[in-house]
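The following walks through one protein model, from a single residue out to the whole chain. Please keep the sequence and the structure open alongside the text.

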Amino acid sequence: MRSRLYPTFKYTVIALWACFVAGPFFWAMTTSFKNANAVQGGPTYLPWAQYEPTLTGWRNIFGGAGGVDVIDPFVNSAIVTIAASAISLALGSLAAYALSRYRFKLGFIKNGDIVFFFVSQRIMPPVVLVIPFFYLLQWGSLLDTIPGLVIVTIALLLPIAVWVMVDFFNGIPREIDEMAMLDGCGPLQTFVRAILPNSLPGLTVAAMFCAVFGWNDFFFAFRLTFTEVQTLPQAVVALNSSIPPWWTLSAAALFGVTPLILLAIWVERYLSKGNLSGAVR
């Protein structure tokens, strides 16, 4: 009896959780194909049966009447996210490898304290950092520019890259480093030729975290840009008003989350840790 109840309970919980996660996406999808009358007429979820689908919301997010053009904000978000994620991943991997393979000590400060310092940058409330960032970008004439946003986003993503990669490098056998050094590789060559090829799962996870946090950032983009630069989260929030156009908001939200979903599907194949099999000779 117990062996039969456990699978039933497990799959029931999984199904309920799947409905909880998919519910908002289903609501947004159906709402994005409605018009004002369908939205204000009460809950309806079945197209053609309960309401007549329309592309009004999707037209609005591409510059239609009553909407906003999301192409330029989309491009800005893509540039900031890709640039900041790539730089954070490169610098974070180097720092993480050094913290994993070498021992640093300055008084009572050791490797673990340095890693915690990186992680602590994500613990601080964003409002604590926005004023220093504002004056720093103002001093460098980088307010309301894409390079300024990239610099700030790197500061936000670098701790994530270090945190993820330190843990992953700690799990890679040191024998790989030793064999590379026996073959004549220096520390940097060992990192590039021996460690990085075996770190694809960790790099993928770190890249995913960086991409998600960089793409979804609203607070710093909102406070550090004004008229020249607008990111996609800002464009979506700009649609909100005293009477929100839910059909347009839903279409914009789906448009904004689609790149992350596609990225997750594409990189899922690299998340297996089986890549280390056979690495040690």
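Where is the place of Phe-168? Phe-168 sits in helix H7; helices (H or I, at least four residues) and strands (E, at least two) are DSSP runs, numbered from the N terminus. This is a predicted model, in which local features need pLDDT of at least 70 and side-chain atom pairs count only at pLDDT 80 or more, while totals for chains, interfaces and linings use all residues. Residues are numbered from 1 along each chain as its sequence is written, and side-chain values use heavy atoms, with hydrogens and water left out.

Phe-168 is buried, with a relative accessible area of 10%. Here buried means under 20% relative accessible area, exposed over 50%, and partly exposed in between (1.4 Å probe, protein chains only). Between the C-alpha atoms of Phe-168 and Trp-246 there are 43 Å, with 78 residues separating the two along the chain. Helix H7 also holds Ile-151, which is partly exposed at a relative accessible area of 42%. The C-alpha atom of Ile-151 is 9.9 Å from that of Ser-88, a residue 63 places away along the chain.

The loop between helix H6 (126-139) and H7 contains Ser-141, and Asp-144 lies in the loop between H6 and H7 as well. What is the phi of Ser-141? It is near 55°, a positive value in a residue other than glycine. Asp-144, also not a glycine, has a positive phi of about 60°. Most residues other than glycine have a negative phi. In accessibility, Ser-141 is exposed, with a relative accessible area of 62%, whereas Asp-144 counts as buried at 9%.

Helix H5 covers residues 111-123. Which residues of H5 are buried? They are Asn-111, Val-115, Phe-118 and Ser-120. These buried residues pack against helix H4 (71-101), strand S2 (109-110) and helix H7 (146-170), where contact means heavy atoms within 4.5 Å.

Now for the protein as a whole. Its secondary structure comes to 13 helices and two strands. The radius of gyration is 24 Å, well over the 19 Å that the globule rule gives for 281 residues, so the protein is more spread out than a compact globule. That radius is taken over C-alpha atoms, and the globule rule is 2.2 Å times the number of residues to the power 0.38. Along the principal axes, the C-alpha trace spans about 70 × 70 × 35 Å.

Of the 281 residues, 37% are buried. Among contacts between residues at least 6 apart in sequence, 72% join residues at least 24 apart. The accessible surface is about 16600 Å², and 70% of it belongs to carbon and sulfur atoms; accessible areas come from the Shrake-Rupley method with a 1.4 Å probe, and for residues only the protein chains shown count as cover.

Conventions
Expected span 1.5 Å × (residues − 1).
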